[in-house]
Amino acid sequence: MSCKACDKAQEDGDTYYVRVGRANVAVSGCREHANELIERLRSNPFETDEWRDYAKHAQDELLPKVRESAVSVALVPESGPDIKFLLELGTMIWYGKPILVLASEGRQVPDGLRRVATAVVQGDIGREEGRALLQEKLMQFLDDMPDE
Ligand SMILES: [Zn+2]
């Protein structure tokens, strides 16, 4: 990704600085190729303020919350794995917390998730009886926990 005009710009020390996320990047090259490079840098999702804010929020809020909790409850998302769920689950595994997996009735709970679960409870969260059953199983799960 360079041309004669790029080479000349580099020889001439023709450098300018552009903002990418929260950093300044020095760019040297012809207008076309420099723009191409800047576009590529700026479209990297991990170089955006949004990603940094999300990662910082997880670092500051989610990690301490999971680390300080006795038990983790993982509510299996209805529409397959979402990134927030996976981040929370990974944090629970990382800190070795007992994991209570809650899934709606009839929802397929993946084998890998069952393996890391301390207990799996399935019920109809949308109905009164379902919620009562979940409540009961949750209390039982908490009672079965060894005292620390
Ligand atoms: Zn060029």
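Select E105 to begin; this residue lies in the loop between β4 and α5. Helices (DSSP runs of H or I, at least four residues) and strands (DSSP runs of E, at least two residues) are numbered from the N terminus. Residue numbers count from 1 along each chain as its sequence is written. The model is a predicted one, in which local features need pLDDT of at least 70 and side-chain atom pairs count only at pLDDT 80 or more, while totals for chains, interfaces and linings use all residues.

Is E105 buried or exposed? E105 is exposed, with 12 other C-beta atoms within 10 Å. A residue is called buried if 20 or more other C-beta atoms lie within 10 Å of its own, exposed if 12 or fewer do, and partly exposed in between, with C-beta atoms placed from the backbone. Now display V121 as well: E105 and V121 are 16 residues apart in sequence, and their C-alpha atoms are 9.0 Å apart in space. Leaving aside neighbours within four places in sequence, E105 is in contact with Q122, G123, D124 and G130. Here, contact requires that the C-beta atoms of two residues, placed from the backbone, lie within 7 Å.

Next, select R107, which is also found in the loop between β4 and α5. R107 counts as exposed, having 11 C-beta neighbours inside 10 Å. Beyond the neighbours within four places in sequence, its contacts are V76 and Q122. From C-alpha to C-alpha, R107 and Q122 are 7.9 Å apart in space, although 15 residues apart in sequence.

**The open sheet**

Select β3, β4 and β5 together. In what order do the three strands of the open sheet stand? The order is β3-β4-β5, and the pairing is parallel. Strands pair if DSSP finds at least two bridges between them. β3 (72–75) and β5 (119–123) stand at the edges with a single partner strand each, so one side of each has no neighbour in the sheet. From one strand to the next, the twist averages 25°; axes are lines fitted to C-alpha atoms, for helices over the stretch in contact, and angles run from 0 to 180 degrees between N-to-C directions. Four bridges join β3 to β4. To see a facing pair, pick A74, which stands opposite V101 in β4.

**The nonpolar core**

Select A74, V76, L89, M92, L100, V101, L102, A103 and A117, the nine residues of the largest nonpolar core. Such a core is a set of buried Ala, Val, Leu, Ile, Met, Phe, Trp, Tyr and Cys residues joined through C-beta atoms within 7 Å. α4 (83–94) and β4 (99–104) each supply at least two residues of this core, and the largest share, four residues, comes from β4. Focus on A117: apart from neighbours within four places in sequence, A117 is in contact with I99 and V101.

Move to T118, in the loop between α5 (111–116) and β5. T118 is partly exposed, with 15 other C-beta atoms within 10 Å. With neighbours within four places in sequence left aside, T118 is in contact with P98, I99 and L100. T118 and V71 are 47 residues apart in sequence, yet 9.7 Å apart in space, C-alpha to C-alpha.

**The hairpin**

Select residues 15–20, strand β1, and residues 23–28, strand β2. The two strands pair in the antiparallel sense over six bridges and form a hairpin with two residues between them. In the turn, G21 has a positive phi of about 65°. Two facing pairs may be displayed: V20 stands opposite A23 in β2, and R19 stands opposite N24 in β2. Of the six residues of β1, the number buried is zero, so this strand lies largely in the open. β2 is likewise hardly covered, the count of buried residues among its six residues being zero.

**The final helix and the whole chain**

Select helix α6 (residues 128–144), whose 17 residues should span 24 Å at 1.5 Å a residue. The expected span is 1.5 Å times one less than the number of residues. The end C-alpha atoms of α6 are 24 Å apart, in agreement. None of the 17 residues of α6 is buried, so the helix lies largely in the open.

Finally, colour domain 1 (4–47) and domain 2 (50–144), into which the chain is divided. These bounds come from an automatic or database domain assignment. The centres of domain 1 and domain 2, taken over C-alpha atoms, are separated by 44 Å.
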